[in-house]
Amino acid sequence: MRCIRSQLENLISGLPKKELVAMSLGLAHSLSRYKLKFSPDKVDTMIVQAVSLLDDLDKELNNYVMRCREWYGWHFPELGKLITDNLAFAKTVKIIGTRDNTATADLSDILPEEVEEKVKEAAEISMGTEIADDDIMNIQNLCDQIIDMTNYRAQLYDYLKARMMAMAPNLSVLVGDLVGARLIAHAGSLINLAKHPASTVQILGAEKALFRALKTKKDTPKYGIIYLRR
């Protein structure tokens, strides 16, 4: 291809130099588009983006839930100890609002019967402070965000699981969907991951600890991302 481009003026006669330059530029652009369109590295880009978004969602959800528990804890501190599941906590706060409504609220679809009874008993003797309606409204809006993000995270995980089983079924069986997707994202692509030797795959994700250990002449890490699967 380079030879043809260099001898283009001799092969095609009668064309002005300006048109030859424009034609060469158009040919180069067309070849670049073709290579990008059929690049094997592009197929697993969806996996890399999905697992990165999943990790970002986990961080945001943890921040939102922590803020919700702390915020509502001023009004009903006993509820956080009784309900450990974050989604159930957000749904419960969304339904009951202020703790005065707990006795008449129906929580059977969210909580087990014994936990529901403990929540209603704790609401009667709660040591929390009183809060205004505007405060409850904003807390419930935060609960809506937590519920929506949790549902979207579940949907995104199902999508990632399906993509991993289609693109790298053997890797999914060996290390799991999430760990396999993180390995692909860390390596850059599935092809790059396949080219790595086993010793490199073993410590992927622990590069900083490895170089720190080499610098300080201490024990090197034995596992990286795949430690999550052990």
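R182 and D55 form a salt bridge in which the closest N and O atoms are 2.8 Å apart, a salt bridge being a side-chain nitrogen of Lys or Arg within 4 Å of a carboxyl oxygen of Asp or Glu. This pair joins distant parts of the chain, with R182 in helix α10 (residues 177-187) and D55 in helix α4, 127 residues apart. The structure is a predicted model, in which local features need pLDDT of at least 70 and side-chain atom pairs count only at pLDDT 80 or more, while totals for chains, interfaces and linings use all residues. Residues are numbered from 1 along each chain as its sequence is written, and side-chain values use heavy atoms, with hydrogens and water left out.

R182 counts as partly exposed at 22% relative accessibility, and D55 is partly exposed with a relative accessible area of 23%. Here buried means under 20% relative accessible area, exposed means over 50%, and partly exposed lies in between (1.4 Å probe, protein chains only).

By the rule stated above, the count of salt bridges comes to six. Among them is the pair of D58 and R153, whose side chains meet at 2.5 Å, N to O. D58 belongs to helix α4 and R153 to helix α8 (residues 133-167), so that this pair also links distant parts of the chain, 95 residues apart. Both partners are partly exposed: D58 has a relative accessible area of 22%, and R153 has a relative accessible area of 22%. In a further salt bridge, K94 pairs with D144, and the closest N and O atoms are 3.1 Å apart. K94 in helix α6 (residues 86-96) and D144 in helix α8 are 50 residues apart, and the pair again links distant parts of the chain. The relative accessible area is 33% for K94, which is partly exposed, and 23% for D144, which is partly exposed.

D44 presents another arrangement. This residue lies in the loop between α3 (17-37) and α4 (45-73). D44 is buried yet has no salt bridge, and the nearest side chain of opposite charge, R163, is 8.5 Å away. For charge, Lys and Arg count as positive and Asp and Glu as negative, with His and the chain ends not counted. A polar atom of the D44 side chain lies 2.5 Å from the backbone nitrogen of L190.

Helix α7 (residues 113-124) contains E121 and V119. E121 belongs to a surface patch of negative charge in which E113, E114, E117, E121 and E124 gather. Patches consist of residues with over 30% relative accessible area and no salt bridge, with like charges joined within 9 Å and nonpolar side chains (Val, Leu, Ile, Met, Phe, Trp, Tyr) within 5 Å. V119, in contrast, counts as buried at 0% relative accessibility. The C-alpha atoms of V119 and L79 are 6.6 Å apart in space, and the two residues are 40 residues apart in sequence.

Over the whole protein there are 13 helices and zero strands. Helices (H or I, at least four residues) and strands (E, at least two) are DSSP runs, numbered from the N terminus. Of the 230 residues in the protein, 31% are buried.

Terms used. Areas by Shrake-Rupley, 256 points an atom, 1.4 Å probe, with all protein chains shown as cover. Charge placed at Lys NZ, Arg CZ, Asp CG, Glu CD. Polar contact = N/O pair within 3.5 Å; in protein donor to acceptor, adjacent residues only side chain to side chain.
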